[in-house]
Amino acid sequence: MRTQHPIWPTTIVMMSIVGMVGWKAVEPGLTTLPKRASVSDDMAAVDRIDALLNKQWDDSSIRPAAAAEDLQVLRRLTLALVGSSPSLEEVREFESDTSPDRLARWTTRLIADSRFSEYFAARLGDAFIDPVSEELKPPQRERFRQWLGESIQQGTGYDEIASAMIAGRGVFADHPATTFVASELAIGDLAAERLAARTSRAFLGQRIDCAQCHDHPFASWEQSQFEGLAAYFGDVQFQRNRVQDTRPRPFVIQDDRAEQSRSVAAELPFDAFMASDQRHQRESLASWVIHPENRRFRRAIANRVWGLMLGRPFISPVDDLPDPGTSNDPNDLDVLDILADDLIDHGDDLRRLIHVIVKTRPFGLASTHPGLGDQVTADQLEASWAVFPLTELGPHQMIRSMQQASSINTLRPDELNPVAAFRRWQRQSRFINEYGIAGDSEDAQASTIPHTVQRLSGNETRQQSEATLFSAVGRIAAISGTAEACLDHCYLACLTRHPSAEEKAHFLPELESNRKVRSRACEDIYWTLFNSAEFCWNH
């Protein structure tokens, strides 16, 4: 058990602040999507996906998991979209919402939340700019994140977003989309090659750069194809904080094996007919990447968003997808094809993509199943998406969830107290730096013994479980009418569920024994829940 902390002489002090700080904050507006991305018809895509998976389960005699409880779905939804478990305020509001389209309403609400722009855009942005690059200063990274998040929230098509990153020009600070190009140019040598590699991996889900030095030994990519793609970035430069295109000039490759230099013409690796003639090479490249017939483009983003929503991409790894099929037979399409088709039919609006994924059956399945006790069966269930995948929380989710659990009200980056928001951000950054960043969040799985030690004995776990005048722990201890209500509030705040009968039998005696020390018992309960396996996973 962790070190105990002194409690207040009485609970009267805390009761006096209840009138100053209410349990309920102002609800953010429930925005609606524009007509071109209406979610009223998204069930067509959902039905196609569910029908496809149901057939695969039937053909393999797989019995999928039961449906997850509503609060469990709410927790995984908020973890995916805003990077934390829901606040106690949100849980109570969700429980009181009896509308038949409750999940869709809450999905729309969370996408419109400032936390979505802060968290989801940052995680998706890791695919476009190196999350650990030392060339980017925090304000530059923040401007890119803000631009990306606001673009998604406003319904800007993903095709427009991608085109702005690939072909954008202008002053770095005024045109955040140019961060994609500027961050690589700022490093120096071989920038064109790095940009070609990141373009193919981020936007197409293909590792064309594996052919940088020689023809790919396992795939069809040839060295000349990679060089031709890199040549599209041969005319771009970054000077005086401005990304601009120069006059056409030869793109020279230094061939170390041949010990000579040679000029390479810009050439696309496949389906060159999809590129339109533009003034600048990067504009032509962008038109090819986002072309409606370039199935790799939308399959790649569908796979990434699926990974962010469910903790694991539909196909791993996210940057090495198999070539899409060539058949137009609807029976030959996979889940990514269905998501990609629906995306292009609705303006490439990523908000709609999120809505569709949330409504699919895999997102709503429980993470438990009788067959998980057998390794062979478990592998089959997980591979077929017949059970919701269990993945550990990333460092961003871990610290944000602890901070949120320590507050009754919903914490947002644009709250009225900028000092408190900045301090919270500082603590997040410190925790993440100590915990470590595993890279692309869709593929990251990196729990270690130091992580466990940090949770058990770290300052954040201790501080977020302290009972103070304004913390959730202190307020729950003071204003909960009964010990049972107090325990219920602790569980809802930390785990987004009500305690089981066994858990009640264990904790209630501690809370009922002496009301004066209830705050101390709440601290211990919080600390225990923070360090539980259940808190650290996305179930």
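**View 1. The lining of the largest pocket**. Of the 43 lining residues, Arg-141, Glu-142, His-396, Trp-425 and Ser-429 lie nearest the pocket centre. Helices H6, H7, H18 (395-405) and H19 (418-435) each supply at least two lining residues. The space in this pocket is about 1200 Å³. (On a 1 Å grid over the protein atoms alone, a pocket is an open set of points where a 1.4 Å probe fits, with protein on both sides within 12 Å along at least five of seven lines; lining residues have an atom within 4 Å of a point. The volume is the space filled by probe spheres set on the points, which are joined across faces, edges and corners. Helices are DSSP runs of H or I, at least four residues, numbered from the N terminus.)

The model is predicted: local features need pLDDT of at least 70, side-chain atom pairs count only at pLDDT 80 or more, and totals for chains, interfaces and linings use all residues. Residues are numbered from 1 along each chain as its sequence is written, and side-chain values use heavy atoms, with hydrogens and water left out.

**View 2. Helix H7, residues 138-153**. Buried residues of H7 include Phe-144, Trp-147, Leu-148 and Ile-152. (Buried means under 20% relative accessible area, exposed over 50%, partly exposed in between, with a 1.4 Å probe and protein chains only.) The buried residues of H7 pack against H5 (102-111), H6 (114-125), H8 (158-167), H9 (179-185) and H15 (350-359). Gly-155 follows H7, with a positive phi near 85 degrees.

View 3. Cys-490 is buried at 0% relative accessibility. Cys-494 is buried too, at 0%.

**View 4. Thr-368 in a loop**. The loop runs between H16 (361-364) and H17 (375-383). Thr-368 is exposed, because its relative accessibility is 58%. Leaving out residues up to four places away in sequence, Thr-368 touches Ala-65 and Val-387. (Contact means heavy atoms within 4.5 Å.) Thr-368 and Ala-66 are 302 residues apart in sequence, but their C-alpha atoms are 8.2 Å apart.

Conventions:
Expected span 1.5 Å × (residues − 1).
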